[in-house]
Structures are given as structure tokens and as C-alpha cells.
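Please look over the sequence and the 3D structure shown here before reading on. The notes below are meant for a reader who is meeting them for the first time.

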Amino acid sequence: MATLSSAQWRSYSTNSFPPSSSNGRQNNHRLLSLSSPVLRKSPPAVFCLQQSQGNSRPNVVLMEDGAVVTPVNPAQKKEAAIQKLEDGLLSSSSISTEELKEAAGFDVNENESSVSITVVGASGDLAKKKIFPALFALYYEGCLPKHFTVFGYARSKMTDAELRNMVSKTLTCRIDQRENCGEKMDQFLKRCFYHSGQYDSQEHFEALDKKLKEHEGGRESNRLFYLSIPPNIFIDAVKCASSSASAASGWTRVIVEKPFGRDSESSAALTKALKQYLTEDQIFRIDHYLGKELVENLSVLRFSNLIFEPLWSRQYIRNVQLIFSEDFGTEGRGGYFDNYGIIRDIMQNHLLQILALFAMETPVSLDAEDIRNEKSHTRGGVTHPGYTDDKTVPKDSVTPTFAAAALFIDNARWDGVPFLMKAGKALHNRSAEIRVQFRHVPGNLYNRNIGTDLDQATNELVIRVQPDEAIYLKINNKVPGLGMRLDRSNLNLLYSTRYSKEIPDAYERLLLDAIEGERRLFIRSDELDAAWSLFTPVLKELEEKRTIPEYYPYGSRGPVGAHYLAARYKVRWGDLGMEE
């Protein structure tokens, strides 16, 4: 390994998406296509019940022979039966209404439902650090149904008490709501249970089904399975859960964690296998970045503020940057990371999903399918270990830890606007942000006050996803005084200053959406196909040629190649400015 001031990390600066030339785009350019939504009309609903003219009759049913039948209200019938029992029993004994209903032959749980949440892979890091804490947070906020149960399922041998002890170490209460924290934790843990079993065992899932039924207590059952397991055992777990532990009366849903394959072919095979046992509506492909507060706020910012939507096009926007950086390396996860790399791990899902939300056309409505339709149309003295110094990484690895790319969207709104992406590990800071750089003011009257660097006078909208969530707009203003000196200032919405409420974790939002059946922030299969079709050719070329990445020092701003890539499109990376 080459030696620099500190250990080396590697990158690719991918330039598979060149700008259009005067002769138009070449056929081999890979473009992210956006198009207008297709409006569809639904057939009108047909009702069998009719209201008679006047008030002489209640709602009636018209029979084929013209006869009129007044329907019997089942609730009224039950209440009449209960009243008869009350008339005969209350005079001689004290009996509750619930006991009366049982005496009349009614199921006291008939009109109630339960939700059973099974975390498959409950002993793993994701379950301990994210899923169980998110479920507790939802319970603490009163967002979970009245009747819910949480089951952990994994191969590890564990008792209910051991699971509760493990989970309790990761639970925290909201900073702004500490009341009864310990009491709430105890109540939540009492609803947590464990079942040990193999992921490919029908018998073990049948045993899980029996336990779930015991806790559901005869109520209508709804079941959510969260697959917090490696992708190579997704199908076995789904097959067993679908055939042996599905809800008998309510809904069954399955949350699938990324990665969703390694390329177009493996992703399509995974989707095909899942759909042997589940419908598309039952599959919730989770990308936790879509649950982050500022990503959720992106469409609100654009579609509910008149000042932004008219500017959201090539006419006013010069370039868009999507930037992701981490200030640490693989830290023992080298085995997983080396199999996927930064392009698959970050760019193909997190950044591309954010790009699709940013650039999509206005959806017909906020309905989940309308939004997903539009998204699918887009598409000092301290030394640090180098990437291959991680014992879990092969010494001859050429897997990149940094990548940069320029993409173009082939439609009228965004023609010619470069969307620059970069993502990397072991960089100088931890951040994720969207930067929108606007065009220069034509014929600017204050050019002589600005100087030769016009980029310093360019308006820029920054949406900081993490950390320190914020939205700010860079503007030019006059410095107070008798002279005419211009300065650059920020109109800043810093969430921690504006709102006292703690921002929920992304997993809280996504778990709640899955329970409620809201699919807006989950990835549909056609979105997944479009994303992989964009990156698969680049990945195959890099891997077949075993392209050697460019090295960069740990804790730096990344490789110099990323700057050359941006310069080719006359762009300067916005996160490199000294004043923020």
C-alpha cells in the first residue's frame, strides 16, 4: 500500500454521465428519465342501500322482485339481547356488561384487533440499536395500537427475560419527555417475548404462530415481520413466515432491509422469489434515509412554498449536489462492506432515492402510489488504519470507499443540469446534505463589488439531513456602514433552535408507516429496477476490469479526482467552502 501522511483510502470518480454536447446526447449515455404522471379514472362505486323518499322509511334494500326489506342492524340485535339478560339478571345479582355479552354468546374481542411485530434476527446489532428502541419510542408516544405484542425471533437460545434484559440496555426516553420513563419501559418490556428457531424451519415458525395466537387472544390478528437478517436467508424466512405464521384474519406485512441484491439481475431474482410468497403490497422495502426528517421535509419545502416551486428547474438552478460523508472507516464491518462497496451501499439507494424525491414532477396527490409513480419516473500525530488494514477486508481488495458521479435527467425541466453525487468513508466530517446552487444574476449591477469570483455571489439552498438538521439559504447583502461592501449571509432554519421537540429517529417513522399500511416512503419494485439499471453497467465495468481506485488520506476531504469531476462541469463542491 502506498504511504501518505496517514493511511490510504480508495475512491472512484465515476464520469459515466457526460453533459450534452452541441450534437445532442449519445445513445450510450445512461440517463435518469422523468416523465409526467398518467392520470387514471376509477369506476364509480355502486351502492346497494338506498334512502327512501321522505322520512317514512329507514334505509332499505330493494330486492330483484321489487320487494322492500328493512335490514336488521346487528348491533341493535345484540343490544336487545343484552337488555333482556339485564332485565332478568340484574335484579338478583351484580354482573358486568362484558359478562352479559359472554352469556349471550358474543365474542368480547370480535370488534378489536391486535398487532404482532416479529423482529426476525432479534439478536443482531440492527435490532438492538435501532428496531427495539424505535418500537419503544412509538409506544412511549402512544402511537402503537392498544393490543400489540413484540416478538424476537433468532437462532440464538434465549429466554423472554434474557431478551428483555438485552433490549432494556438500549432503550431511552425523549429528552423533552422524561415523565414516567422507567414505568413506561417496564410496561413495554412486559409485551416483549422471544422464540428461538431456524430461519428455514416451517416447524419453528408454526411454533411461533401458536405463541402469537395465544397473545392475540382471539382478536383479529395483524402481523408485521421485520427481516433484520442477511439477504441470503430472506427467501427462506419469508417462505416459512408466509406459509406457517401469516395472520389468519387481518393483514400480514414484511419489512425487508437493504441490500436488495448486488445488481439488476440479483435484484430481479430476489423480487421474483419474494413474490412467490407475498404480494407487492405486503413487501415494505426499507431505506431508512427516506424516513429522516429533512428528507420528509423536502416535498413540503418545494410544494407548499410558492417561492421555490417556480425556481425548481434548469432555468434557475445551475447544479444540484448530493453529498454523504462519514468520519470513520469500516470498523470491523469490512466483510460486508467489501462485498458491496460505497456505490451499492450509499449511492444506489440513499442518494438516488433523495435525488428522485428532489427532481420528481408534481404528483397528482400525496397518496403513496402517486408519489411512488413520480419517483419511479426519475430515477495531528494520530494515525488511522487504512481500508485493507481492517482484518475483515481482503488484502488485494479494490473495493472503493469513496465514489463521485455526475448524472443528468433527460427531460425538459432538468435538461443540462448536472446532479453531482459523492459519498465516502473516513473523511473529515460526518454529514449528509443536499445543495442547490442557483445561476448567476444576469447583468448583476454589483459585479464590481463582488469581484472576479462569481461563485461567491451565487445563491445556494442547503438542506442538511444530518447532523444538526437545518435548512438555510445563502443570500447577498450589504455590510452596514457608509461604503458599499457586500457580504454573504445565511437565512437559517436550525431545527434544534426553532423546535424544542426531539426529532424522531427514521426507523420510528418507517415502522409506524408499515403498521398503518402507508407505503409512501418505501421502495416499490419498479423503482428498484430503475435504480439498478442505472448503476449496474458501471459496477460491472469496474469489477470486470478490476479498476484500481485513487487513494486518499484518512480524515481528508477525499481524493483530488472528485474536484476534477466537478470542474469538468464548471462546478465547485459546496461543502468545501470555509464559511457555513
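What follows is a short briefing on a sheet, some of its helices, the cysteines and a few backbone details.

This is a predicted model, in which local features need pLDDT of at least 70 and side-chain atom pairs count only at pLDDT 80 or more, while totals for chains, interfaces and linings use all residues. Residues are numbered from 1 along each chain as its sequence is written, and side-chain values use heavy atoms, with hydrogens and water left out. Helices (H or I, at least four residues) and strands (E, at least two) are DSSP runs, numbered from the N terminus.

**The open sheet**

- Six strands make up an open sheet with parallel pairing, and their order is β7-β6-β5-β8-β9-β10; two strands count as paired if DSSP finds at least two bridges between them.
- The edges are taken by β7 (192–196) and β10 (283–286), each of which has a single partner strand, so one side of each is left without a neighbour in the sheet.
- Direction ignored, neighbouring strands of this sheet are turned by 20° against each other on average, where axes are lines fitted to C-alpha atoms, for helices over the stretch in contact, and angles run from 0 to 180 degrees between N-to-C directions.

**Strand β5 and its surroundings**

- Strand β5 (residues 113–120) runs parallel to strand β6 (residues 148–154) and is joined to it by six bridges; in this pairing Val119 stands opposite Gly152, and Ile117 stands opposite Val150.
- Eight bridges join β5 to β8, again with the two strands running parallel, and here Ser113 stands opposite Glu220.
- Seven of the eight residues of β5 are buried, so this strand is largely enclosed by the rest of the structure; buried means under 20% relative accessible area, exposed over 50%, and partly exposed in between, with a 1.4 Å probe and protein chains only.
- Together, β5, α3 and β6 make a right-handed β-α-β unit, a crossover being right-handed if, with the strands pointing away from the viewer, the path from the first strand over the helix to the second runs clockwise.

**Helix α5**

- Four residues of helix α5 (residues 181–189), namely Cys181, Met185, Phe188 and Leu189, are buried.
- These residues cover an arc of only 95° around the axis, which puts them on the same side of α5; the arc is that of the directions from the helix axis to the C-beta atoms.
- The buried residues of α5 pack against α3, β6, α4 (160–168) and β7, with contact meaning heavy atoms within 4.5 Å.

**Helix α8 and Leu274**

- In helix α8 (residues 264–274), the buried residues are Ser267, Leu270, Thr271, Ala273 and Leu274.
- Seen down the axis of α8, these buried residues fall within an arc of 165°, so they line one face of the helix.
- On the other side of α8, Glu265 and Lys272 are exposed, whereas the cover over the buried residues includes α7 (234–244), β9, β10 and α15 (525–545).
- Leu274, which belongs to helix α8, counts as buried at 2% relative accessibility.
- When residues up to four places away in sequence are not counted, Leu274 touches Ile235, Val238, Val256 and Ile283.
- Leu274 and Ile235 lie 39 residues apart in sequence, and their C-alpha atoms are 6.3 Å apart in space.

**Cysteines**

- A search of the whole structure finds zero disulfides, a disulfide being a pair of cysteine sulfur atoms within 2.5 Å.
- Cys143 counts as partly exposed at 34% relative accessibility, whereas Cys192 is buried, with a relative accessible area of 0%.

**Backbone details**

- The peptide bond from Gln466 to Pro467 is cis, with omega near -20°, and Pro467 is found in the loop between β15 (460–466) and β16 (470–478).
- Arg546 is a residue other than glycine with a positive phi, near 45°; Arg546 sits in the loop between α15 and β18 (550–553) and is partly exposed, with a relative accessible area of 46%.
- Lys570 also has a positive phi, of about 60°, although it is not a glycine; Lys570 is placed in the segment after α16 (561–568) and counts as exposed at 71% relative accessibility.
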